[in-house]
Amino acid sequence: MRIFVTLLAAAMLVGCQSKIAETFDTRQNAGPCPPMGAIYDVARYVEFADATNETYPNIAYTAEINDVRMFCRYSDDDPLVAQMEVDFAFGKGDAATSDTHAYPYFVAVTRRNGKVLAKEYYSVVADFKGGKLAGKTESFSKIIIPRLDESIAGSNFEIVVGFDLTPEQLEFNRAGKRFRLDAE
C-alpha cells in the first residue's frame, strides 16, 4: 500500500511539475541575506553536577552549535523571510543522571549595531540512548524581518544563535575553558 501511495504522489508531482515551477518567486533578491551564525561566547554549553568542581568527572552534559545555515528571500519592499537550520552536537559526561537532556537556546534578529529587534527562546532535547554522544538539526521555517522600504537590505540585520546560559556557564566560556563533547 505504501508503494502505491508513493507512486501515486510521484505521478501527481510529475503531472503538475510545470504548475509548481510557475509558483516559485523568481524575482532577484533586493540585496544580500543577513549575516548569521552562532555567537562565540554562547556557542558552547557545559553543565557540571557540582558548579564548584570544574573537572572531567564532574561533567554532566555538554553541547556545541556546529553549523548554522540560512536561505532568505525578499524583493521590492517585501519583508525579508529566512529559513534556517542549526546543527547541534551533544555530550553526556560521567556525572549525568539521565539519558535525555534539554538544552535551552535562542535565535535573535539584531541590527548590525547589536540592538536586538526580536529574540525567541527554544529548547532542544538530546536523546543519548545509553551512549555518550548525540547530534541533532533544528529547522526554523520562517524568520520574518519587516523592512521599512526597498532601500533597506538584509545586510542591515544579523541573525544569531546561542545557548541560554547561566552566568556561571557564560563565565566558564569567556575564561577560555573548554572540555570535549565526549567528556572522557
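Gln169 lies in helix α3, which spans residues 167–174. Helices are DSSP runs of H or I with at least four residues, and strands are runs of E with at least two, both numbered from the N terminus. Gln169 counts as buried because its relative accessibility is 11%; buried means under 20% relative accessible area, exposed over 50%, and partly exposed in between, with a 1.4 Å probe and protein chains only. Beyond residues up to four places away in sequence, Gln169 touches Tyr45, Val46 and Glu47. Contact here means heavy atoms within 4.5 Å.

The model is predicted: local features need pLDDT of at least 70, side-chain atom pairs count only at pLDDT 80 or more, and totals for chains, interfaces and linings use all residues. Residues are numbered from 1 along each chain as its sequence is written, and side-chain values use heavy atoms, with hydrogens and water left out.

The protein contains 3 helices and 8 strands. From the N terminus, the order of elements is α-α-β-β-β-β-β-β-β-β-α. Of its 184 residues, 36% are buried. Among contacts with a separation of 6 or more, 72% join residues 24 or more positions apart. The protein exposes about 11000 Å², of which carbon and sulfur atoms supply 55%. These areas come from the Shrake-Rupley method with a 1.4 Å probe; for residues, only the protein chains shown count as cover.

The largest nonpolar core holds 36 residues. Such a core is a set of buried Ala, Val, Leu, Ile, Met, Phe, Trp, Tyr and Cys residues joined through side-chain atoms within 4.5 Å. Met84, Tyr103, Ile159 and Phe163 touch the most other members. Two or more residues each come from β3 (59–73), β4 (80–92), β5 (100–111), β6 (116–127), β7 (133–145) and β8 (157–163). Strand β3 gives the most, with 7 residues.

Two strands pair if DSSP finds at least two bridges between them. Strands β5 and β8 run antiparallel and are joined by 7 bridges. Thr110 stands opposite Glu158 in β8.
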